[in-house]
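Good morning, everyone, and thank you for making the time. I would like to walk through one protein model with you, slowly, going from the overall picture to a few individual side chains.

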Amino acid sequence: MKQANTHPLIADYLDQVCRHVRATEMHRRIRDELESHLLDLMDEQMDEGLGEEEAVRQAILQMGDSAAVGKQLHQIYKPKVEWRLLVYVMAFLAVGLFTMYGMQVSFIEFKLDRYWFYALLGIGVMLAVTFTDYRKLLPYSLHLYVLTVGVFFLILAYGHTMNGKTYMYISSSIKIDFVAMSMYLFLISIAGMLLARTWRFRSIASKLTVFVLLPACLFVMAGSFMDLMLYLFGFMILMMYTKTARKEKLYLVIVSAFVWTGACLLDRYTLGRVLDWVQPTKEPLGRGYVYLTSMEAIRSAGFWGKGFNAPLPSMPYLDSDFKFTYLIHSYGWIAGILILLAVALFIMRLARVVKEVDEPYGKHLVVSIVPLFSLFFIWPLLMSTGMLPIVRLEIPFLSYGNIGTSLAHFTVLGLALSVHRHRSSIGKPHTFLAK
């Protein structure tokens, strides 16, 4: 693409360089920088007495072969995948599948088939998202929000309730926890809406209604206070990062904190779990039973554990929420240490992804979803050892879970990888892109 007022030889040289750079969004920046250098070299040659045409030719010779320059620039700006995070995911899946084969859990064969299906489907979704340019999602942020709210209302109207929570049933044996998925969908859509011109100048009241009150009402109507608290956790972190008016930011964070506190107090199940966690020995055969059993299973495991296919401690959700307890019970403290180390390194890599992103939309995305995603790892590990109250959270990739939450975790990681993959192929940031 030849630029106006550019010497034909320089324009041809720039065209040849850009043919070797696949990151097309960088072509304009590359052309501007190379042209500036060429013009400087051209001025030096003309100062020495050369004519314009010959000065241009000498400047191009000094700059170097167009193919070599283009290939070097391609290496600098080509999208790069954070393969180490994918290696961790595959390791977690391998451990999760291996331990499932040693479990004496009811319907284990049925769950194993689903585990394989969720894993393969999730890997495909994650890779598809990873190799898609996340910036294409920005103009559709409001559409995603409206779609999420619309599906939410459909589920409330036609979904089925189990244990107080509403699910989307695909068949009699397959249910999707869209309520849990919507946490991420709301955060992803709001991360883009905060950057849009149409929302930048909205009133605080409208933002409070759309970002806090409406999602809160939907979560409460669906009977999921825990998902509401997790969503507000991610939203408050996003608001603390986003560059908006301090008064507006403070107001939204304070209201979100009040709603979070109210949800915690109204959720009798979670509140009861917290009280049981404070005094687990008060009712050792009642409310404190799970805490005490989990800690005893870990304590008695020893360094090498009870071995493959070991009898399970009598407690619920060993294949999901308490997968870490089962791992230590069967394979010992050494397995627990290795899992903790792997999770710590995995989260550190995710934190590095957040740190390395400079583009505003990408930064908003990873800041909103990565802390919440990391919490799904940290909380189940610590609650298994009695360091945190028990809540219904499965460890991503390691634990057996609902297809909706499983795919949500794969998708979120793929989105973070997409942001990281394009971090070097983005020129000068443009904050307000969505119309």
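Of the contacts in the protein with a separation of 6 or more, 72% are between residues 24 or more positions apart. Please keep in mind throughout that this is a predicted model, and that every value I mention has been computed from it. The protein contains 17 helices and three strands, and its C-alpha atoms fill a box of roughly 95 × 55 × 40 Å, taken along the principal axes. Of its 435 residues, 52% are buried, while the accessible surface comes to about 21,100 Å², with 64% of that belonging to carbon and sulfur atoms.

Which of its residues are buried? They are Ser-141, Leu-144, Tyr-145, Thr-148, Val-149, Phe-152 and Ile-155. If you look down the axis of helix 7, these buried residues fall within an arc of 135°, so they line one face of the helix. As for what covers the buried residues of helix 7, the list includes strand 2 (165–169), helix 8 (178–193), helix 10 (204–221) and helix 16 (360–384).

Helix 10 comes up again when we move to helix 12, where it is among the elements that cover the buried residues, together with helix 11 (225–241) and helix 13 (268–278). Those buried residues of helix 12 are Glu-248, Lys-249, Leu-252, Val-253, Val-255, Ser-256, Ala-263 and Cys-264.

Glu-248 deserves a moment of its own. With a relative accessible area of 8%, Glu-248 counts as buried because the cut-off for that word is under 20%. Leaving aside residues up to four places away in sequence, Glu-248 touches Arg-202, Ile-204 and Lys-207. With Lys-207 the side chain of Glu-248 forms a salt bridge, at 2.8 Å from N to O. This pair links distant parts of the chain, since Glu-248 sits in helix 12 and Lys-207 in helix 10, 41 residues apart. Both Glu-248 and Lys-207 are buried.

How many salt bridges are there? The count comes to eight, and I will describe two others for contrast. The side chains of Arg-299 and Glu-296 meet at 2.6 Å, N to O, and both residues lie in helix 14, three residues apart, about one turn of the helix. Here Arg-299 is exposed, with a relative accessible area of 53%, and Glu-296 is partly exposed, at 37%.

The side chains of Asp-321 and Arg-392 form another salt bridge, at 2.3 Å from N to O. Asp-321 lies in the loop between helix 14 and helix 15, and Arg-392 in the loop between helix 16 and helix 17 (403–421), so the pair ties together parts that are 71 residues apart in sequence. Asp-321 is buried, with a relative accessible area of 1%, whereas Arg-392 is partly exposed, at 38%. Elsewhere, Glu-82, Arg-84 and Arg-349 are linked in a network of salt bridges.

The loop between helix 16 and helix 17 also holds Phe-397, which has a positive phi of about 75° although it is not a glycine. Phe-397 is buried, with a relative accessible area of 6%.

Finally, let us look at the surface, where Phe-98, Tyr-101, Trp-116, Leu-120 and Phe-308 form a nonpolar patch with about 570 Å² of accessible area together. Helix 5 (83–101) and helix 6 (108–130) are the elements that give two or more residues to this patch. Phe-308, for its part, is placed in the loop between helix 14 (289–299) and helix 15 (323–356), and at 45% relative accessibility it counts as partly exposed.

Terms used. Residues are numbered from 1 along each chain as its sequence is written. This is a predicted model: local features need pLDDT of at least 70, side-chain atom pairs count only at pLDDT 80 or more; totals for chains, interfaces and linings use all residues. Side-chain values use heavy atoms; hydrogens and water are left out. Patches are made of residues with over 30% relative accessible area and no salt bridge: like charges are joined within 9 Å, nonpolar side chains (Val, Leu, Ile, Met, Phe, Trp, Tyr) within 5 Å. Accessible areas come from the Shrake-Rupley method with a 1.4 Å probe; for residues, only the protein chains shown count as cover. A salt bridge is a side-chain nitrogen of Lys or Arg within 4 Å of a carboxyl oxygen of Asp or Glu. Helices (H or I, at least four residues) and strands (E, at least two) are DSSP runs, numbered from the N terminus. Buried means under 20% relative accessible area, exposed over 50%, partly exposed in between (1.4 Å probe, protein chains only). The arc is that of the directions from the helix axis to the C-beta atoms. Contact means heavy atoms within 4.5 Å.
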